[in-house]
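Let's take a walk through a protein model together, starting with one chain and then looking at how two chains meet. Keep the 3D view open as you read.

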2 protein chains.
Amino acid sequence: MNYQLDDILTLPERFRRNLINSVHGFKSVALIGTINPDGVTNLAIFSQLFHIGANPPLVGMLVRPDSVGRHTLQNIRAIGWFTINHIQESFITAAHQTSARYPDDVSEFDEVGLTPEFLPNILVPFVKESQVKYAVRKLEETYLINGTVLVTGKIEFLQLPDHCLGEDGFIDLHQAGTITSAGLDAYYLTHPVSRLTYAKPGIIPQEIPR
Amino acid sequence: MNYQLDDILTLPERFRRNLINSVHGFKSVALIGTINPDGVTNLAIFSQLFHIGANPPLVGMLVRPDSVGRHTLQNIRAIGWFTINHIQESFITAAHQTSARYPDDVSEFDEVGLTPEFLPNILVPFVKESQVKYAVRKLEETYLINGTVLVTGKIEFLQLPDHCLGEDGFIDLHQAGTITSAGLDAYYLTHPVSRLTYAKPGIIPQEIPR
């Protein structure tokens, strides 16, 4: 099937939304934990997370201001921090349900049945059920072409199970049970194929032993 | 294992790079096809691709100017277009090998053994072996906090196998054989768990039949 831009622009809205949301492949999906100045916790699923740098450790997150992410953005602006919590198979439905439009004074933690966890010296809530989780201090906001906001932050705390951490710092996300997503509503487990050595011209990359 | 920011900043460089690159979960990984004004094609693996909007269909890509992505960025600036090509299991090693630092006048297509494919009215090369692929017209560049460049573009052509396209526009990436990646060097196949209905307060999301 081939689509030109004109075809894409004249597709039914729901079809186009599914098509264009699934075209970029599998995504980093996680639960973003925040709190507002009145102490109401918020939890929202996001699939637009990405690496910006390792030193200092920087992360980026895209937020549509008109989406259910608006509470997340308001809270990040007010408090300056958020948590990122990986999703495992056992709570995919609860994680998906955080995308429902709940009122301001309701916590998605309560509504979907996940447990807020507060760790020392960090104001924002983690998801107790998540195996891999980290806290991010907001650094800047950048506005993109269609009003989407790119929030950039620094990782200031990171927690993961010992048995998922390799000697070289690599986190075995398959072992951690971290899922991935595609499109707006599809969730996947993964199956490791290979880790490959650093690529150099003229040398075929080799398998890194697990 | 818990890491505070100070711990992260004092880790050995390679350990920190692996740790922070794998913390964001599974990623959208694809081959970016470009061409320079002399007609030399370029192919580079990128795992920092994301959805910005569906109408118009917008995509974002992060490039570190000091990385092997510099040729990609130079070509995009010169020609204004690039292609994004999904990776299947059969050419993971070739895809990984595109990250080697080849000279300007060498095409990664030739070096790694993938086939450049030119489609009508599009100057930039696709990967013939890729099942899902699209062409993007560059719209803008945004500089982020650490010198990373966010390239925003509009999808103007999209090709995918008929049997991977659902009635609702959802692309079955598992069926297409699209892989995902984690960290700097790990590649994974996926296993579908569920597609869930649109979330509404007080209603438990249901499985969408495949």
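How many helices and strands does the secondary structure of chain A come to? Chain A has six helices and twelve strands. Please keep in mind that this is a predicted model.

Next, consider the overall dimensions of chain A. Its radius of gyration is 18 Å, close to the 17 Å that the globule rule gives for 210 residues, so chain A is as compact as a globular protein of that length. If you follow the C-alpha trace along its principal axes, it spans about 60 × 50 × 35 Å.

Now look inside. Of the 210 residues in chain A, 51% count as buried. Among contacts in chain A with a separation of 6 or more, 58% are between residues 24 or more positions apart.

Finally, zoom in on where the two chains pair strand to strand. Strand E12 (residues 186-195) of chain A pairs with E12(B) in the antiparallel sense, over nine bridges. To find one of these bridges yourself, pick out Thr190(A): its bridge partner in E12(B) is Thr190(B).

Definitions and conventions: Residues numbered from 1 in each chain as written. Chains lettered and ligands numbered in written order. Predicted model: local features only at pLDDT ≥ 70, side-chain atom pairs only at ≥ 80, totals over all residues. Helix = DSSP H or I, 4+ residues; strand = E, 2+ residues; numbered from the N terminus. Rg over C-alpha atoms; globule rule 2.2 N^0.38 Å. Buried ≥ 20, exposed ≤ 12 C-beta atoms within 10 Å, placed from the backbone. Contact = placed C-beta atoms within 7 Å. Pairing = 2+ DSSP bridges.
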